[in-house]
Amino acid sequence: MKQKFISLGLALAMLLGIAGCNITTPATVGSIGGVEIPAGIYLLAQLNAYNTAASLVDFATGESADDINVVLKAEVTGTINDEEVTTDGADYISRLTMSSLEYYAAVETLFDSLGATLEDAATSEAADSASSMWESQGDLYTANGISQDSLEAYLLVDQKAQACLDALYGPDGQQPVTEDEYRDFIENDCRFIESVSFPLIDYSTYNMVSTGDTAYTEIQDLAAQCAVDLNESLPVTNAITELSILQSAAAYYVPQAMEALGSTLESSQASYYASAQLYLPSELESYSDGNGGNTLTDALDANPGSFVTVDMGSALVVACAVDPLSVYDVDTFVSSYDLLTEMKQQDLLDQLYSDGATMEHALDESAMNTYKVQNIKHSV
């Protein structure tokens with residue numbers, strides 16, 4: 001249940017098959033705030049910026065991200081540090097690269113100033129990830145002057161950012177999140193949702209049914225009856241429905257839904273389609289309908305305290321929202337979910353980007369010009 005810390009913005013495109021130039025010197029491109037910027041870090045930041053810019057280009061027929069000059073000249077609209085920017089590709093790449101370098105320097109500086117440390121598990125995770133990436137793309141990175149050590153240092157920034165988050169806002173931090181703050185967040189920003197999911201896709205054949213199909217109507221009827229049954233099981237106080245009741249409903253109805261899809265599912269396996277969990281804001285946002293509404297929460301808000309059927313596209317979900325603190329206490333939620341990251345990550349990001357931008361920049365323009373975007377290689 002506990003979520004892994006979400007990357008704070010540096011290592012966003014590590015597995016893409018494009019890398020920097022095949023030049024081994026200089027070893028650094030200067031410093032920001034006294035933090036030396038290794039060439040490998042610069043190349044990876046530039047790589048990330050290039051791929052981000054390329055993903056935002058509306059290519060004409062016959063053009064692609066391989067056309068570096070096209071990307072550099074194209075108009076790009078994207079976000080840099082929560083600010084929407086419209087400019088040409090070359091400027092966008094330059095600005096995004098600089099933002100990444102400032103972030104890198106700010107993390108290193110804050111990590112040291114807080115006296116933060118990395119646990120063995122954190123360093124091992126970065127090393128293992130770098131090793132895996134090197135195994136799959138080492139030849140390409142080597143040809144472009146990027147070492148495995150650079151990859152590992154790049155990944156360690158995320159681990160150091162997590163350590164800074166804990167050192168600032170964790171239970172032993174400088175500004176620890178209080179129980180009342182956690183309580184308010186759980187009650188007002190999160191949702192505890194009980195649900196039974198009825199798939200609309202047969203993943204063995206990838207056959208999907210949609211509104212109007214006979215199979216869709218059958219599944220819709222099953223979901224509706226499931227909602228009726230679950231609503232009858234709810235106590236007057238609308239406390240949590242026992243998970244066993246959700247699982248029993250799933251065991252009875254979901255195999256029938258799978259049969260309508262032309263597939264089979266053992267009743268013993270259907271329990272996986274029953275869920276009772278806290279949804280964090282970032283998860284709830286993924287259900288935005290693009291028009292200011294929310295497919296999931298709008299339906300729940302329109303029918304408080306009741307199970308309702310919601311079409312989520314790939315599944316019909318019979319769901320009900322309940323008071324989370326009628327289910328577990330604050331400490332249980334804090335230990336089971338990564339509430340700290342969800343609550344304070346943006347605060348830390350804002351601080352890091354602001355700190356990085358105001359640090360003294362002692363970058364070597366000639367060194368950075370050595371590693372031009374135009375020198376990016378695509379294959380070896």
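Axes in this report are lines fitted to C-alpha atoms, for helices over the stretch in contact, and the angles between N-to-C directions run from 0 to 180 degrees. Helices (H or I, at least four residues) and strands (E, at least two) are DSSP runs, numbered from the N terminus. The structure is a predicted model, in which local features need pLDDT of at least 70 and side-chain atom pairs count only at pLDDT 80 or more, while totals for chains, interfaces and linings use all residues. Residues are numbered from 1 along each chain as its sequence is written, and side-chain values use heavy atoms, with hydrogens and water left out.

## Overall picture

The secondary structure of the protein comes to 13 helices and 11 strands, and its C-alpha atoms fill a box of roughly 75 × 55 × 35 Å along the principal axes. Of the 380 residues, 47% are buried, where buried means under 20% relative accessible area, exposed means over 50%, and partly exposed lies in between (1.4 Å probe, protein chains only). Among contacts with a separation of 6 or more, 73% join residues 24 or more positions apart; a contact here means heavy atoms within 4.5 Å.

## Helix H12 and its partners

Helix H6 (residues 179-188) packs against H12 at an angle of about 95°, with the two axes 11 Å apart. H6 and H12 are therefore roughly perpendicular to each other, on a scale where angles under 35 degrees count as roughly parallel, over 145 as roughly antiparallel, 65 to 115 as roughly perpendicular and the rest as oblique. On the H6 side the contact is made by Glu-181, Tyr-182, Phe-185 and Ile-186, and on the H12 side by Leu-339, Leu-340, Glu-342 and Met-343. By class, this contact of H6 with H12 has six nonpolar, no polar and two charged residues, with Ala, Val, Leu, Ile, Met, Phe, Trp, Tyr, Cys and Pro counted as nonpolar, Asp, Glu, Lys and Arg as charged, and the others, Gly among them, as polar.

Helix H3 (residues 89-113) also meets H12 (residues 339-358): their axes come within 8 Å and cross at roughly 105°, which makes H3 roughly perpendicular to H12. From H3, the residues Ser-99, Glu-102, Tyr-103, Ala-106, Val-107 and Leu-110 meet Leu-348, Leu-349, Gln-351, Leu-352, Tyr-353, Asp-355, Gly-356 and Ala-357 of H12. The contact of H3 with H12 has nine nonpolar, three polar and two charged residues.

## Aromatic rings

Rings of Phe, Tyr and Trp (its six-membered ring) pair if their centres lie within 6.5 Å, and planes under 30 degrees apart count as stacked, over 60 as edge-to-face and the rest as tilted. By this rule the count comes to seven aromatic pairs, and two of them are set out below.

| Pair | Centre to centre | Angle between planes | Class |
|---|---|---|---|
| Tyr-42 and Tyr-371 | 6.4 Å | 50° | tilted |
| Tyr-103 and Tyr-353 | 5.4 Å | 35° | tilted |

Tyr-42 lies in helix H1 (residues 39-55) and Tyr-371 in the segment after helix H13 (365-370), so this pair ties together parts that are 329 residues apart in sequence. Both Tyr-42 and Tyr-371 are buried. Tyr-103 lies in helix H3 and Tyr-353 in helix H12, so their pair ties together parts that are 250 residues apart in sequence; Tyr-103 and Tyr-353 are buried as well.

Elsewhere, ring pairs link Phe-192, Tyr-328, Phe-333 and Tyr-337 into a cluster. The charged end of Lys-160 sits over the ring of Phe-111, 5.3 Å from its centre, the criterion being that NZ of Lys or CZ of Arg is within 6 Å of the ring centre and within 35 degrees of the ring normal.

## Individual residues

Most residues other than glycine have a negative phi. Asn-81 has a positive phi near 55°, and Asp-82 has a positive phi near 70°. Asn-81 is found in the loop between strand E3 (75-80) and strand E4 (83-88), and Asp-82 is found in the loop between E3 and E4. Asn-81 counts as partly exposed at 36% relative accessibility, whereas Asp-82, at 59%, counts as exposed.

Asn-48, in helix H1, is buried with a relative accessible area of 3%, and its C-alpha atom is separated by 16 Å from that of Gly-145, 97 residues apart along the chain. Asn-188, in helix H6, counts as exposed at 54% relative accessibility; the C-alpha atoms of Asn-188 and Pro-281, 93 residues apart along the chain, are separated by 9.9 Å.
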